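Biologist: Can you walk me through this model? I'd like the pocket to start with, then the charged pairs and the surface.

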Amino acid sequence: GAANVKLKDYEPSGEVESENEYAAWAILRNSEAPLQVGDLLETSGGELRICKYVGFEEARWFVPAPPPVAEGSITGPPAIQAGIVSSMESTPAQI
């Protein structure tokens, strides 16, 4: 399957135009910033490829599951739970 990667572990470092990830690797291998194992390439379409020791594999951003909601608890963002003062009214909105 695809490798899960966390956005907090990566930062953009530039762009390169190439036909595929292997062509990008070849372009960058003699540059000041060659691709290293664990580096990501993102296509203009948003597809991720992670550089592995043996080549490139599919990757995707890790999105944590939302925490479970206990039965009978109030749901929704805290601002809605407490009520919101509308710019058109001077009283809190009723929930």
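**Pocket, pairs and patch**

Modeller: The largest pocket has 29 lining residues, and those nearest its centre are Gly14, Glu15, Leu40, Leu41 and Glu42. A pocket here is an open set of points on a 1 Å grid over the protein atoms alone, where a 1.4 Å probe fits, with protein on both sides within 12 Å along at least five of seven lines; lining residues have an atom within 4 Å of a point.

Biologist: Which elements give two or more residues to the lining of the largest pocket?

Modeller: Those are α1, β2 (40–42) and β3. Helices (H or I, at least four residues) and strands (E, at least two) are DSSP runs, numbered from the N terminus.

Biologist: How much space lies in the largest pocket?

Modeller: About 930 Å³. Grid points are joined across faces, edges and corners, and the volume is the space filled by probe spheres set on the points.

Biologist: What should I know about the model itself?

Modeller: It is a predicted model: local features need pLDDT of at least 70, side-chain atom pairs count only at pLDDT 80 or more, and totals for chains, interfaces and linings use all residues. Residues are numbered from 1 along each chain as its sequence is written, and side-chain values use heavy atoms, with hydrogens and water left out.

Biologist: OK, the fold. In what order do the elements run from the N terminus on?

Modeller: β-α-β-β-β-α. That is two helices and four strands.

Biologist: What share of the residues is buried?

Modeller: Buried residues are 16% of the 95 in the protein. Buried means under 20% relative accessible area, exposed over 50%, and partly exposed in between (1.4 Å probe, protein chains only).

Biologist: Switching to charges. How many salt bridges are there in the whole structure?

Modeller: Three. The criterion is a side-chain nitrogen of Lys or Arg within 4 Å of a carboxyl oxygen of Asp or Glu.

Biologist: Which residue pairs with glutamate 21?

Modeller: Arginine 49, with the closest N and O atoms 3.1 Å apart. This pair links distant parts of the chain: glutamate 21 is in helix α1 and arginine 49 in strand β3, 28 residues apart.

Biologist: Is glutamate 21 buried or exposed?

Modeller: Glutamate 21 counts as buried because its relative accessibility is 17%. Arginine 49 is partly exposed, at 24%.

Biologist: What else does glutamate 21 touch?

Modeller: Leaving out residues up to four places away in sequence, glutamate 21 touches Leu41, Arg49 and Phe56. Contact means heavy atoms within 4.5 Å.

Biologist: And the other salt bridges?

Modeller: Glutamate 57 pairs with lysine 52, the closest N and O atoms being 3.8 Å apart. Glutamate 57 is partly exposed at 33%, and lysine 52 is partly exposed at 32%. Lysine 8 and aspartate 9 also meet through their side chains, at 3.4 Å from N to O. Lysine 8 is exposed, with 69% relative accessible area.

Biologist: Now the surface. Which residues make the nonpolar patch?

Modeller: Val37, Tyr53 and Val54 make a nonpolar patch of about 430 Å². Patch residues have over 30% relative accessible area and no salt bridge; like charges are joined within 9 Å, nonpolar side chains (Val, Leu, Ile, Met, Phe, Trp, Tyr) within 5 Å.

Biologist: Where is valine 54?

Modeller: Valine 54 sits in the loop between β3 (48–52) and β4 (55–61). Its relative accessibility is 72%, so valine 54 counts as exposed.

Biologist: What about the total area?

Modeller: The protein exposes about 8100 Å², and carbon and sulfur atoms supply 54% of that. Accessible areas come from the Shrake-Rupley method with a 1.4 Å probe; for residues, only the protein chains shown count as cover.
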